[in-house]
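Take a look at the fold below.

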Amino acid sequence: DLELHLQRCQQLSVTVLTDHQDLSNTELKTITSSTAPQQYRIRAKLRTYKPQKLHQSVKLHCSKCNSLQEVPDRDDFDFILHDSAGTAPNPELHNTSWYESVTWTTQEQKQREIAIHFVKHDEMLQHPEDTLIMVEGGTLKEIWKLTKRFKCVIPVRSTEDDLELLDLSAPFLLKGNVKYYGCKQCSTPKPMKNLSSISAEQQPSWEPTEIAQVLGIELLQYVFIMKFTLVDETGSLNAYLFDD
């Protein structure tokens, strides 16, 4: 557990970074006055690290515009789903050549109409574990139940002409317990009919990268970022960890 490890490191008088065993130790003041790139081996003390909570280290990164953003929380997603549920599914968009649609009305006091569109392959429905579905009007709880049953779930809403993605503050795709997001700045969302090109493939894999590409989405990657402040008798140095 990295968080416990870091806490232990802070309790020690000296922390030794053991990379570059072939190099002798270099004082921090020498490193801060040198030009990059260089390789050094240091003997230093960990003074602070950020963020303090490990889950806050996970961010979303766009490789195209190099932006970083926070991972939206479940309340943001829930709000977008509730907002989109206010638009009733358009029956004219049901049961096309490449997907089959099922609708029902909830029994709760404030009734909702839900539509699920099952994407077909060779004009046939696939096994649930191989199927991509598009969902209109579902709640967060209902969406998560569907991800346990089907390979991929895409939350959508109806327009006059086609199904479309929700606001990109929401995940555009859910696969298992992973939510996939698109960059608002670099994406140009396309109608859902573009998915029909994947369903026509010999063996549709429904890989997030391929789905993102045909839907005009610049896929955001989950990255892990931390900042460490290291000190010795000669000065201090900020070290940054950035990894997929």
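**A helix and what it packs against**

The buried residues of H4 pack against H3, strand S6 (113-119), S7, S8, strand S10 (173-175) and strand S11 (178-180). Contact here means heavy atoms within 4.5 Å. Helices (H or I, at least four residues) and strands (E, at least two) are DSSP runs, numbered from the N terminus. This is a predicted model: local features need pLDDT of at least 70, side-chain atom pairs count only at pLDDT 80 or more, and totals for chains, interfaces and linings use all residues. Residues are numbered from 1 along each chain as its sequence is written, and side-chain values use heavy atoms, with hydrogens and water left out.

Which residues of helix H4 (residues 140-149) are buried? They are Leu140, Ile143, Trp144, Leu146 and Thr147. They cover an arc of only 160 degrees around the axis, which puts them on the same side of H4. The arc is that of the directions from the helix axis to the C-beta atoms. On the other side of H4, Lys141, Lys145, Lys148 and Arg149 are exposed. Buried means under 20% relative accessible area, exposed over 50%, and partly exposed in between (1.4 Å probe, protein chains only).

Now turn to H3. Its buried residues are Phe77, Ile80, Leu81 and Ser84. Seen down the axis of H3, they fall within an arc of 100 degrees, so they line one face of the helix. Asp75, Phe79 and Asp83 are exposed on the other side of H3. The cover over the buried residues of H3 includes H4, S8 and S10.

Next come the nonpolar cores. In soluble globular proteins, nonpolar side chains tend to be buried together. A nonpolar core is a set of buried Ala, Val, Leu, Ile, Met, Phe, Trp, Tyr and Cys residues joined through side-chain atoms within 4.5 Å. The largest nonpolar core has 24 residues, of which Met134, Ile154, Met192, Leu195 and Ile211 touch the most other members. S7, S8, strand S9 (163-165) and helix H6 (208-214) each supply at least two residues of this core. A second, separate core of 16 residues includes Leu146, Phe150, Val153 and Leu166.

Go back to isoleucine 211. Leaving aside neighbours within four places in sequence, isoleucine 211 is in contact with residues including Leu132, Cys152, Ile154 and Trp206.

Loops can be followed too. Threonine 131 sits in the loop between S6 and S7. Is threonine 131 buried or exposed? It is buried, with a relative accessible area of 3%. Not counting residues up to four places away in sequence, threonine 131 touches Val119, Gln126, Phe150, Lys151 and Cys152. Glutamine 185 lies in the loop between S11 and helix H5 (196-199). Glutamine 185 is exposed, with a relative accessible area of 66%.

The structure holds 1 cavity of 30 Å³ or more. On a 1 Å grid over the protein atoms alone, a cavity is a set of points where a 1.4 Å probe fits but cannot get out; lining residues have an atom within 4 Å of a point. Grid points are joined across faces, edges and corners, and a volume is the space filled by probe spheres set on the points. The lining of the largest cavity includes Leu81, Ser84, Ile143 and Leu166. Helix H3 (74-84), strand S7 (132-136) and strand S8 (152-158) are the elements that give two or more residues to this lining.

Technical notes:
On a 1 Å grid over the protein atoms alone, a cavity is a set of points where a 1.4 Å probe fits but cannot get out, and a pocket is an open set with protein on both sides within 12 Å along at least five of seven lines; lining residues have an atom within 4 Å of a point.
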